[in-house]
Amino acid sequence: MNADVQGRALAILNRMAQADWPDRLNLRKPFEKLIYTGSRASFRLAADRAQKGGLRTPRKPDPDALFDLFLSDEQQMLVDMLASFASEVLRPAAHDADANAAIPAELLNQAQDLGLTFYGVNEVHGGMAGERTTVSNALMAEALAKGDMSLAAGLLVPLSAANCIRRWGSAEQQQRWLPAFVGESSAPVMAIAVNEPDALFDPLKLATKAKRRGKHYHLSGEKCLVLRGLDASHLIIAAQAENGPALFIVEAGSKGLQRLPEPGMGLKAGATARVKLKGVKVAADQRLNAEHFNYQSFLDHAALAWCALAIGTGQAALEYVTTYCNERVAFGEPISHRQGVAFMVADIAIELDAMRMLTWRACARAEQGLPFHREAYLARLLCAEKAMKIGTDAVQLLGGHGFTKEHPAERWYRDLRAVAIMAGGLQL
Amino acid sequence: MNLETPKKFAGLKHQAHQVAANYFRPISRKYDKAEHAYPKELDLLAALLDGMNAGSPDAIGATSASKRGAAKSLEEGVKNGGNLSALLGVMELCWGDVGLLLAMPRQGLGNAAIAAVANDEQLQRFSGTWAAMAITEPGTGSDSAAIRTTARKDGDHYVLNGEKIFVTSGERADSVVVWATLDKALGRAAIKSFVVEHGTPGMSVTRLEKKLGIKASDTASISFSDCRVPAANLLGNPEVDVQKGFAGVMETFDNTRPLVAGMAIGVAKASLDRTRELLKDTFRFDYAKPLLAVNHAEATLYRLEAEWEAARLLTLKAAWMADNKQPNSKEASIAKAKAGRVANEVTLKCVELAGALGYGEDELLEKWARDSKILDIFEGTQQIQLLIVARRLLGKSSSELK
């Protein structure tokens, strides 16, 4: 039995015990329950591993697995907890965070208390990530984005970085970078930068170049719409190296690296930034170099994160317009009594579930070790189109009111436009 | 969580695909041309399927779709049962030919209705029968509650009077499941379904429709004039339960709508596969470039594939819920709505993408584009599905959201 796992769960529990906000928001119980099961699952993993003599056998897809849409108990509890957090904490904070283009400091502390990054770090390095994490990560993103898409995206940056390093870093790199994500102090903010300021940008054709010079690379180029790019201590930068696209962990304060605020249509709370690189010197061992490094798969894990966020925000929009259309009276009855209105609501529900099925399938294949590029491509394609349709229909259903900041629909409209545009940024 | 088709259905899928490719496809055009001619080839196939189904727990065809199977199962955990296996079989067979599947003996929607609402004695008695389904009337399409066909109790019989139209396999089937009202004044609660055997005095086929597609399947008008049906042929509970209302007969749809969605998915896949085959030297189909960076025709095919995949998974979900005893009315309608409109869009767009080749009768693409239209209409039109979904979401009754 791995005593560290127990200690880890206790450490999070202790952190939660000291905070008073979960009590104020009635979130204490679900948190404790989650941490209990989370640690139980990790115990089981540790025990399994001990039995197998500590050898980590490669994951094999189970051909006998049944078609199954049930969430595991742990997933259900994780979703329940984050759903409460989203509705009690994120939604009320969303309007001001959008206006101020920043995540409030208190919210950052609360998110830290939640211990999200533990789900991105293996047990060996002090976290609680099991063998199969992609679906759980997608469910977490979905639950958070139901509160607010841009806050959710911002809060998921540290977990995404941890996922990125765990999946694409070598054993040495994991050992070097991951423990900080589950330490006593705040998890480091490492922003993932892929997008470049070009129309029809193709993430497989990066203009940012990494030139090898002895034990270093020199990075030059420009990255845009980098989530939390300004308050990040490090950037994980996608650049074209001598042998293909690669990811580099770069200190934000490096010489030749310049960061500027780059506000966009939405994702305001994510405080997007432009990053300019002029011959930035990066040690060669800061190029993520897991043996199975796969840039396309990295992009796909990112695309699926945006799909999951779109589903959460789409769900929020569905529930909001459902209530609104039932309450809003015109011509003597609720507008929901009109097919022209009701059918738009039905279509939102249909396409939302379509998005969810494609995304879940891609995630489930990814975590089973099955090829999932086609599925991720189709999920991204569908989510990009349908999410925007949901965003625009939500504003439409609220009419003139939807166009004002009295309602969240206009914010969702702006945020959902990002789903088709963002490459990288996050990582399930 | 797993959204892959389990290995235990691989044999069934393969079998159904072989039937579709080697039995349906070669006679597909023949019976599209010879409307109202009975595809006699189907008798042999039906006998073969009966044999295969008797020897296998995972039957192909409509009869295996039932909540009953799930209800009887006692073991814990997730179940993949009759609803999923029936659906997977239907998808493959309709990749071959929707019309021929609908014309298959003993695979009618009436069989699914019996499977869904019959009691154990009736299940036993009607096993092996080929049952068509008669709901629609000349003045009553989607508005099933407005049915005017009456059933009057007279001793050990019910006496049926009325007109039914659009009865798939209405002439060829052994019997017809007829929806009729016990008392018009009681509204939808009084609507019950009756199994009426062909040859029952007072029942007559009055006309066969000429149609846009699914020509291999006959579509009959049937008239009932003082047609006496044994009381034991009323499916399910004879009591008029105003509380439960329409729910009894409507339960049928929770099982049949995913199957019709499955038909849509099958025919849409046929179109997608053939179109990609025709364009295989033109595009790479490697999902490598952003959608906006590929040729418009290739991007269109990606988009259609995504829509198709979504429809397929939503339909599997609805059937999976039935297998796991989850209430699935909303999801069945979501699946039907999505699959119906996607199949129609896919098949029509594939004709366009293949150009003159697609429009001509040398290919089956134009036929599939005609066949698919009915799938967005029968078992509840697109608009009816939207109404059902919207009422569920908004918590509205049929008198509020009309």
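At what angle do the axes of helix α12 of chain A and helix α13 of chain A cross?

Mentor: Please keep in mind from the start that this is a predicted model. In it, helix α12 of chain A, which runs over residues 373–398, and helix α13 of chain A, which covers residues 409–416, have axes that cross at roughly 160° and come within 8 Å. Angles over 145 degrees count as roughly antiparallel, and α12(A) and α13(A) are therefore roughly antiparallel to each other. The crossing in which α12(A) passes α13(A) is left-handed.

Now look at the residues that make this contact. From α12(A) come A387(A), M388(A), I390(A), G391(A), T392(A), A394(A), V395(A) and L398(A), and they meet A409(A), E410(A), W412(A), Y413(A) and L416(A) of α13(A). Sorted by class, the contact of α12(A) with α13(A) holds 10 nonpolar, 2 polar and 1 charged residues.

Helix α13(A) has a further partner to consider, namely α10(A), and here the axes of α10(A) and α13(A) come within 11 Å and cross at roughly 155°. With that angle, α10(A) and α13(A) are therefore roughly antiparallel to each other, and their crossing is left-handed. On the side of α10(A), the residues that take part are A310(A), T313(A), A316(A), A317(A) and Y320(A), which meet A409(A), W412(A), D415(A) and L416(A) in α13(A). By class, the contact of α10(A) with α13(A) divides into 7 nonpolar, 1 polar and 1 charged residues. If you compare the two lists for α13(A), you will find A409(A), W412(A) and L416(A) in the contact with α12(A) and again in the contact with α10(A).

Over residues 191–280 of chain A, the chain is 0% helix and 53% strand, with the end C-alpha atoms 16 Å apart. A further annotation from UniProt, "domain: Acyl-CoA dehydrogenase/oxidase N-terminal" (unreviewed entry), covers residues 72–182 of chain A, a span that is 68% helix and 0% strand and whose end C-alpha atoms lie 24 Å apart.

The next step is to ask how chain A touches chain B. Their contact takes 36 residues from chain A and 38 residues from chain B. On the side of chain A, the elements that give two or more residues are α10 (295–327), α11 (339–368) and α12 of chain A, so two names from our close look, α10 and α12, come back here. The largest share of that side, 13 residues, comes from α11(A), and by class the side of chain A that touches chain B divides into 25 nonpolar, 5 polar and 6 charged residues.

Chain B has a helix pair that you can read in the way we read the pairs above. Helix α9 of chain B (residues 296–323) and helix α10 of chain B (residues 329–354) pack at an angle of about 155°, with their axes 9 Å apart, and that makes α9(B) roughly antiparallel to α10(B). Here, too, the crossing is left-handed as α9(B) passes α10(B). Among the residues of α9(B) in this contact are L304(B), W308(B) and L314(B), while those of α10(B) include I334(B), V342(B) and L353(B); by class the contact has 15 nonpolar, 2 polar and 5 charged residues.

Finally, consider the confidence of the predictor. Chain A averages a pLDDT of 91, and 87% of its residues score at least 70, although over residues 49–58 of chain A the pLDDT is below 50, and this stretch has 3 contacts in the model beyond near neighbours in sequence. Chain B averages a pLDDT of 90, with 92% of the residues at 70 or above. For the complex, the predictor gives an ipTM of 0.92 and a pTM of 0.92.

Conventions:
Residues are numbered from 1 along each chain as its sequence is written. Chains are lettered from A and ligands numbered from 1 in the order in which they are written. This is a predicted model: local features need pLDDT of at least 70, side-chain atom pairs count only at pLDDT 80 or more; totals for chains, interfaces and linings use all residues. Axes are lines fitted to C-alpha atoms, for helices over the stretch in contact, and angles run from 0 to 180 degrees between N-to-C directions. Helices (H or I, at least four residues) and strands (E, at least two) are DSSP runs, numbered from the N terminus. Angles under 35 degrees count as roughly parallel, over 145 as roughly antiparallel, 65 to 115 as roughly perpendicular and the rest as oblique. A crossing is left-handed if the near helix is turned anticlockwise from the far one by less than a right angle, and right-handed if clockwise. Two residues are in contact if their C-beta atoms, placed from the backbone, lie within 7 Å. Ala, Val, Leu, Ile, Met, Phe, Trp, Tyr, Cys and Pro count as nonpolar, Asp, Glu, Lys and Arg as charged, and the others, Gly among them, as polar. UniProt positions are given in the numbering used here, feature names are shortened, and annotations may be inferred rather than shown by experiment. pLDDT is the predictor's confidence in each residue, from 0 to 100.
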